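Welcome! Take a look at the sequence and the model first, then read on.

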Amino acid sequence: MAEEAKAKGNAAFSSGDFSAAVRHFSDAIALAPTNHVLYSNRSAAYASLQQYSEALADAKKTVELKPDWSKGYSRLGAAHQGLGHLDDAVSAYKKGLEIDPNNQALKSGLADAQAAASRPPPPPMGSSPFGDTFQGPEMWTKLTADPTTRAYLQQPDFLKMMQDIQRNPNNLNIYLKDPRVMQALGVLLNVKLRTAPEGADFPESSSPERKRPAESEPAREPEPEPEPMEIGGEEKEAKERKAKAQKEKEAGNAAYKKKDFETAIQHYTKAIELDDEDISFITNRAAVYLEMGQYEECIKDCDKAVERGRELRSDYKMVARALTRKGTALVKMAKCSKDYEPAIETFQKALTEHRNPDTLKKLNEAEKAKKDLEQQEYFDPKLADEEREKGNEYFKQQKYPEAIKHYTESLRRNPNDPKAYSNRAACYTKLGALPEGLKDAEKCIELDPTFSKGYTRKGAVQFFMKEYDKALETYQEGLKHDPSNQELLDGVRRCIEQINKASRGEISPEELKERQAKAMQDPEIQNILSDPVMRQVLIDFQENPKAAQEHTKNPQVMNKIQKLVSAGIVQLR
């Protein structure tokens with residue numbers, strides 16, 4: 001399915017395997033060629049591979065399919081910028097901002113494109129060989145996708161270094177001693193560079209001193225250990241606020257467990273006011289609203305958590321959790337089949353963020369509930385009977401495809417009508433669609449085991465499939481419910497004639513060969529032939545008449561022998 005291929009593409013993209021992501025998104029597009037999100041995702045993957053022409057083509061397709069979707073213009077701008085079409089990039093970002101003026105990705109892309117357009121071209125000699133690696137918004141995409149560098153993006157000094165390198169790639173040499181920059185370079189080049197050992201301490205707030213790359217550092221005497229710097233007033237206050245926010249969250253969690261929902265909301269609200277950079281406070285409050293049945297408030301909090309999470313580049317699992325919670329609230333509010341559509345869409349979005357089994361289960365349940373409701377809303381036995389009668393008229397005129405159309409509509413209106421299944425099975429049989437006819441006949445018998453037409457339809461299909469022993473069993477089963485039914489009696493007679501022909505060897509070699517080939521695909525025939533006891537019985541029938549005489553007294557053995565005879569595997573003389 002397209003969604004499964006899309007999920008695989010998202011997972012590959014998140015792990016940095018952009019080639020695999022392109023392949024999976026291409027598979028999804030083949031299954032759903034009008035889904036604009038798939039083209040957008042593949043455009044991002046192409047851009048990450050620096051295949052900007054392909055990224056541009058997909059971005060244009062995204063905008064063509066969904067002109068009012070702001071992310072399409074973000075993809076378009078990134079592709080143009082990668083190709084050096086800076087004016088086109090600026091135009092694309094501006095157009096996206098007309099649709100969504102508060103979109104941070106578009107704002108950031110526009111600023112980068114305008115800055116690039118205003119810069120003089122870099123000198124051809126002496127420039128950094130990695131200059132293109134740091135250009136465009138795809139640099140941030142790759143760093144966000146990698147689990148290690150994603151954590152660095154929360155550190156202001158690392159962000160400042162990367163922005164400086166993006167403005168002037170020649171500054172890369174200045175920062176190469178910082179292992180985080182080396183790690184980022186490896187991610188951007190898709191190679192594994194040797195960096196500082198795991199657990200090494202990285203600077204939290206200070207940038208390395210800039211030096212010319214050609215200069216070597218003179219030997220210095222050991223310096224005394226510097227005293228720890230005093231924390232500034234603002235930073236100290238921020239840490240205190242975060243600590244208070246965590247305490248409020250813990251108090252909210254305790255109140256939630258006690259089902260004291262009003263108190264829990266108060267604590268989570270206070271935590272949000274103290275620290276707006278942790279979306280778990282918002283999602284927790286949403287969970288409380290969900291438990292209280294205040295679904296509108298829950299949805300508002302979930303939307304806020306997703307929006308804020310994207311701005312902060314929060315863990316994708318947290319964003320997925322908010323989307324799942326929103327989907328759950330939408331399901332709770334659903335009153336008709338159409339109400340499930342936004343819930344299903346929300347669960348699908350959550351799965352693109354994180355493939356969580358619980359979310360997948362909720363999606364499957366929502367899809368099933370929608371389907372069941374659609375069936376209930378469509379159920380109308382009176383209209384079903386009218387459609388079946390229309391089908392009967394077309395059947396009499398030998399217009400079988402038209403008849404099938406009306407029988408199918410009748411079953412949509414009333415899926416428990418055995419007559420409609422029986423009639424449609426007859427149409428399929430007339431058209432030679434024997435597997436479909438057999439399926440409908442079996443459904444007919446399942447709905448009404450006493451309805452003789454079901455057995456005549458099933459027996460006829462099996463007879464045409466040259467499964468004479470199975471057809472005989474079907475006709476005989478029908479006679480148990482209607483012993484005088486002439487159609488069933490005629491069916492039994494025809495089957496016995498064909499079985500006797502096979503046993504007497506009165507069928508053509510071609511027909512015998514065809515019947516044997518078909519029989520060898522039957523699991524029941526395969527089991528009989530693979531049974532050591534039955535193999536010995538067959539040998540006795542050929543070589544030991546006395547033993548064969550004893551075998552004929554065993555009903556089970558003779559029943560299996562009869563099946564082999566009917567299938568044309570053996571002949572009795």
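Cysteine 444 is buried in this predicted model, because its relative accessible area is 0%, and burial here means a value under 20%. Cysteine 495 also counts as buried, at 0% relative accessibility.

**Cysteines and disulfides**
- A disulfide is a covalent bond between the sulfur atoms of two cysteines.
- How many disulfides does a search of the whole structure find? The search finds zero.

**The chain as a whole**
- The chain holds 31 helices and zero strands.
- It has 573 residues, and 42% of them count as buried.
- Among the contacts in the chain with a separation of 6 or more, 53% are made by residues 24 or more positions apart.

**A pair of helices to look at: α4 and α5**
- Two packed helices are described by the angle between their axes and the distance between the axes.
- Helix α4 covers residues 52–65 and helix α5 covers residues 70–82.
- These two helices pack at an angle of about 155°, and their axes are 8 Å apart.
- Angles over 145 degrees count as roughly antiparallel, so α4 and α5 are roughly antiparallel to each other.
- The crossing of α4 and α5 is left-handed.

**Where α4 meets α5**
- On the α4 side, the residues in contact are Tyr52, Ala55, Leu56, Ala59, Lys60, Thr62 and Val63.
- On the α5 side, they are Gly72, Tyr73, Arg75, Leu76, Ala78, Ala79, His80 and Gly82.
- The residues of this contact divide into nine nonpolar, four polar and two charged.

Note on methods. Residues are numbered from 1 along each chain as its sequence is written. This is a predicted model: local features need pLDDT of at least 70, side-chain atom pairs count only at pLDDT 80 or more; totals for chains, interfaces and linings use all residues. Side-chain values use heavy atoms; hydrogens and water are left out. Axes are lines fitted to C-alpha atoms, for helices over the stretch in contact, and angles run from 0 to 180 degrees between N-to-C directions. Helices (H or I, at least four residues) and strands (E, at least two) are DSSP runs, numbered from the N terminus. Angles under 35 degrees count as roughly parallel, over 145 as roughly antiparallel, 65 to 115 as roughly perpendicular and the rest as oblique. A crossing is left-handed if the near helix is turned anticlockwise from the far one by less than a right angle, and right-handed if clockwise. Contact means heavy atoms within 4.5 Å. Ala, Val, Leu, Ile, Met, Phe, Trp, Tyr, Cys and Pro count as nonpolar, Asp, Glu, Lys and Arg as charged, and the others, Gly among them, as polar. A disulfide is a pair of cysteine sulfur atoms within 2.5 Å. Buried means under 20% relative accessible area, exposed over 50%, partly exposed in between (1.4 Å probe, protein chains only).
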